[in-house]
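This briefing covers one protein chain, from its overall build to a few side-chain pairs. Please keep the sequence and the structure in view while reading.

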Amino acid sequence: MRIQGLIAATFSSFHADGSPDLTRIPSLVDQLIADGVKGVFICGTNGEGPNLTIEERMQIAEAYVKAVDKRCLVLVHVGHPAIAEARKLAEHAQRIGADAVSAVAAFYFKPSSAQNLTDCMAQIASAAPELPFYYYHIPAITGVAMDLLEFLQLAETAIPNLAGIKYTASTLHEYQSCVQYGNGKFDILFGYDELLLPALAVGAKGAIGSTYTFAAPLYRKVVACFEAGDMQAAQQWQYEAVRMIRCLGRYSPIPTQKAILKILGTDLGPCRLPLAQLSPQQAEDIRLYLEEIRFAETLHAAGASLQGSVASGHHSPHKS
């Protein structure tokens, strides 16, 4: 399996009491497919996978597989500090018909070397041998930052179903080296939304990102303009994404993005502690900022100009 295009790293959906709300998943999936994503990445960082029990993660995976119904890819994050639990999640993902699994490194007792990391990932991946496996590299969260070229060299023989890496780091020189490794034999999916255009320039074909959950048309414009050779337009659309992303760090990024989703009309409920929902004043601050940068208008312009053909890539934000 080779993935091209955007995969949305979807957010959790909870009731007010903090229990998972599976009823919100079908409409979210329908919207994402309408926005042109190629798949969903579930129970990862934005999906608050580490905040969920494995039983809840299995329920959510089943809900997504059912809601998607083969209309796009479903990638299930199965990472867990206990490898035995990660294996349960991987086996379950394969059994219910997911398209791929992915796992972060253990983040309490951390792998000590690329060989140690490979051994850990091999155990997890072998629980779902029929599914492509992606190592989820996110050193800012896990604190695990191995030499990924060494990992690929070791893992390509130790993990028969290794498909690639979900690469969530800003080290583009290493990212490019991974893309080029073995004449491009692995899928290296880029995970920093604010650097999508630079990643495309060094060879990215697929990307997984949180803001693709509510702004996929904006990033599809970046890709379309880049592929059409219109770098000036690609830079402008990317800059519009960067302007939106700048507000994510004002408070907590995941609760802020759920607040943005609510502003745009999709309420997925609160987060789970230790992630705290934005206060009404903080949510209003975000709303005013988005209004100031005309984010909704930009998103609408991107979506409208994508309808039909790539030729629409010559549109610019706020001019459609």
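Helices here are DSSP runs of H or I with at least four residues, and they are numbered from the N terminus. By that numbering, Arg-95 and Glu-91 both fall in helix H3 (residues 83-96), and because they are 4 residues apart, about one helical turn separates them. The model is predicted.

**Overall build**

- The chain has 13 helices and 8 strands.
- Its radius of gyration is 19 Å, close to the 20 Å that the globule rule gives for 320 residues, so the chain is as compact as a globular protein of that length.
- Along the principal axes, the C-alpha atoms fill a box of roughly 50 × 50 × 35 Å.
- Of the 320 residues in the chain, 54% are buried.
- Among contacts with a separation of 6 or more, 74% are between residues 24 or more positions apart.

**Surface and charge**

**Salt bridges across the sequence**

- The whole structure contains 12 salt bridges.
- One of them joins the side chains of Glu-56 and Arg-272, at 2.9 Å from N to O.
- Glu-56 belongs to helix H2 (residues 54-68), while Arg-272 sits in the loop between helix H11 (253-263) and helix H12 (280-292), so this pair ties together parts that are 216 residues apart in sequence.
- Are the two partners buried or exposed? Glu-56 counts as buried because its relative accessibility is 13%, and Arg-272 also counts as buried, at 17%; the cut-off for buried is under 20%.
- Another salt bridge is formed by the side chains of Glu-156 and Lys-185, at 2.8 Å from N to O.
- That pair links distant parts of the chain, 29 residues apart: Glu-156 is in helix H6 (residues 148-158), and Lys-185 is in the loop between helix H7 (172-184) and strand S7 (187-190).
- Glu-156 is partly exposed, with a relative accessible area of 29%, and Lys-185 is partly exposed at 42%.

- The side chains of Arg-95 and Glu-91 meet in a salt bridge at 3.0 Å, N to O.
- Arg-95 is exposed, with a relative accessible area of 56%, whereas Glu-91 is partly exposed at 34%.

**A salt-bridge network**

- Which residues are linked in a network of salt bridges? They are Asp-21, Arg-24 and Asp-267.

- Ser-170 is located in the loop between strand S6 (162-167) and H7.
- With a relative accessible area of 45%, Ser-170 is partly exposed.
- Apart from neighbours within four places in sequence, Ser-170 is in contact with Tyr-192 and Leu-195.
- Ser-170 and Gly-209 are 39 residues apart in sequence, and their C-alpha atoms are 13 Å apart in space.

Key: Residues numbered from 1 in each chain as written. Predicted model: local features only at pLDDT ≥ 70, side-chain atom pairs only at ≥ 80, totals over all residues. Heavy atoms only, no water. Helix = DSSP H or I, 4+ residues; strand = E, 2+ residues; numbered from the N terminus. Rg over C-alpha atoms; globule rule 2.2 N^0.38 Å. Buried < 20%, exposed > 50% of the residue type's maximum accessible area, 1.4 Å probe, protein only. Contact = heavy atoms within 4.5 Å. Salt bridge = Lys/Arg side-chain N within 4 Å of Asp/Glu carboxyl O.
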